[in-house]
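Student: I have a new model open on my screen and would like to talk it through with you. Could we go step by step?

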Amino acid sequence: NSVDWKSFVPSNDATGIQSMVDSLLNTAKKNRERAGSFGYSSYPTPGHYATNSSSSNTTNGHNTVYIEEFLEWAETTVPMMASSLSTFLHVLFNFFCQKNEGNAHRFPPGVTPLLMPTLSIDQTDKKPTSSGPVSSPLSYFFTESNTSVDLFALASTSITLASGRFHRLFSSEADGLSCNRLMNGLIGYGGPTLIIIRSKDIKGKCGSGIFGAFTYSPWERESGEFYGNSDSFLFRLGPEPMGIYRPKGGGGNNESNFMFFNPEARSKGYDQLAWGIGFGGTVKEPRLYIDEILDGSTAKDKDLTFENGPLLSNKDESNSYCGFEVEAIEAFGVGSSQNIEDALNARDEHRKEAQKRIRNAMKGAKAAFLEDMQSGLVGTKVFKHRDDMRGRDGFCDMGEEDG
């Protein structure tokens, strides 16, 4: 008898693997239905399935896919799976692995680690905030030992995510649940980034789920307009079927709305646009929207920029536009170690320039005020009421004393 694969996988990772399996099965089913609608079908006849006897639904082949269907799914959804799978399995099952000092896995000669990212964080960022725990892990979502299925799933989607590091720029667990701090961690960072969100379970609206966005373009500026490029995507990791929603590639109006970063302070609240971070959709109704005060965040199933598909889990299927509450959110700089270091340096320079502009503005305001004082303009206006009061009954000038 076949052995259920779940017996080999830690219980906390079983849901993540099931999400990937369900994504594959859903893709195969849709492709077969699409083929059937055109008068032919590659859907196999009964008795021709290589099924798993432990599966509960094997009589109609819904738990079985052809190798061609798997390869098509892998090419579009997880193109880097072949590069990450070997390392992930070695670490997960400890095949041929030994632990040396520092608890780091060491691969013996002849077993070459393939691509799987490692986690890192600025040393200065490890200091807890008043709202954070005394000691927090590197990530709320990923384990430091690289056995996280979610980390493997994301590493399989893009060469940028598969190689190098996931460097934490913001974590609600350590930095507090604040969109302003999230923005501060992102703005000026000069490289690709990943934002990952866990939503709360809201009865009657949507269930708890994990989703987010990857952007290759840096968060270089605050703007009420979209920017970025097509090397970006939205994703859902679970608990429902995994979904990767890449750009459609139309290039027309509202078809290149990849990312925008619009804090209220930039527009003073007068532009009538969404205030916060957005992906896809429009500047008034983004496909994925992280509200600046985190009480009006929303997600939609479709837009003109990214492929259609749900981001939220267990939601009302009749409503393609749904609000969600953030339970946890993290942002990572991703890529090679050198690229991440360069991107962090760019963020440092951006912050220095911002502080310089603030100092210059303060100096300019102070100089203008002193000039007005010297010209008598400020004194005439500010102290006019004192001159008007002089000579009136009851007026007492504290600046003068009797001789």
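Student: Is F141 buried or exposed?

Tutor: Happy to start there, and do keep in mind that this is a predicted model. The cut-off for buried is under 20% relative accessible area. F141 has 10% relative accessibility, so F141 counts as buried.

Student: Which residues form one aromatic cluster with Y140 and F141?

Tutor: Y140 is partly exposed, with a relative accessible area of 31%. Y140 and F141 belong to one aromatic cluster, and the other members are F142, F166 and F332.

Student: What kind of aromatic pair do W219 and F261 form?

Tutor: Their ring centres are 5.8 Å apart, with 55 degrees between the planes. W219 lies in the loop between strand 6 and strand 7 and F261 in strand 10, so the pair ties together parts that are 42 residues apart in sequence. Both residues are buried. The pair they form is tilted.

Student: What is the order of the strands in the open sheet?

Tutor: The sheet has 7 strands with mixed pairing. Its edge strands, each pairing on one side only, are strand 3 (118–121) and strand 9 (243–245). Neighbouring strands are turned by 25 degrees against each other on average, direction ignored. The order is 3-4-15-5-6-8-9.

Student: Which residue in strand 15 stands opposite T193?

Tutor: Strands of a sheet pair through backbone hydrogen bonds, either parallel or antiparallel. Strand 5 (residues 193–199) and strand 15 (residues 326–335) pair in the antiparallel sense, over 7 bridges. Opposite T193 stands G333.

Student: Which strands does helix 7 touch?

Tutor: Helix 7 (residues 179–186) packs on the sheet, and its direction makes about 140 degrees with that of strand 4. The strands it touches are strand 4, strand 5 and strand 15.

Student: Which residues touch the most other members of the largest nonpolar core?

Tutor: In soluble globular proteins, nonpolar side chains tend to be buried together. The largest core here has 37 residues, and its largest share, 4 residues, comes from helix 7. A second, separate core of 35 residues includes M116, L161, I210 and F214. In the largest core, the residues that touch the most other members are I195, W219, I277, F279, L288 and F324.

Student: Is K352 buried or exposed?

Tutor: K352 meets E349 in a salt bridge at 3.9 Å, N to O. Both lie in helix 9 (residues 337–375), 3 residues apart, about one turn of the helix. E349, at 45% relative accessibility, counts as partly exposed. K352 has 52% relative accessibility, so K352 counts as exposed.

Student: Which residues does a cis peptide bond join?

Tutor: Most residues other than glycine have a negative phi, and most peptide bonds are trans. For the cis bond, omega is about 10 degrees. The residues joined are G238 and P239.

Student: What is the phi of L294?

Tutor: L294 lies in the loop between strand 12 (288–291) and strand 13 (298–300). L294 is buried, with a relative accessible area of 15%. Although L294 is not a glycine, its phi is positive, at about 60 degrees.

Conventions
Residues numbered from 1 in each chain as written. Predicted model: local features only at pLDDT ≥ 70, side-chain atom pairs only at ≥ 80, totals over all residues. Heavy atoms only, no water. Pairing = 2+ DSSP bridges. Helix = DSSP H or I, 4+ residues; strand = E, 2+ residues; numbered from the N terminus. Axes fitted to C-alpha atoms, helices over the stretch in contact; angles between N-to-C directions. Contact = heavy atoms within 4.5 Å. Core = buried A, V, L, I, M, F, W, Y, C linked by side-chain atoms within 4.5 Å. Buried < 20%, exposed > 50% of the residue type's maximum accessible area, 1.4 Å probe, protein only. Salt bridge = Lys/Arg side-chain N within 4 Å of Asp/Glu carboxyl O. Phe/Tyr/Trp six-rings, centres within 6.5 Å; stacked < 30°, edge-to-face > 60°.
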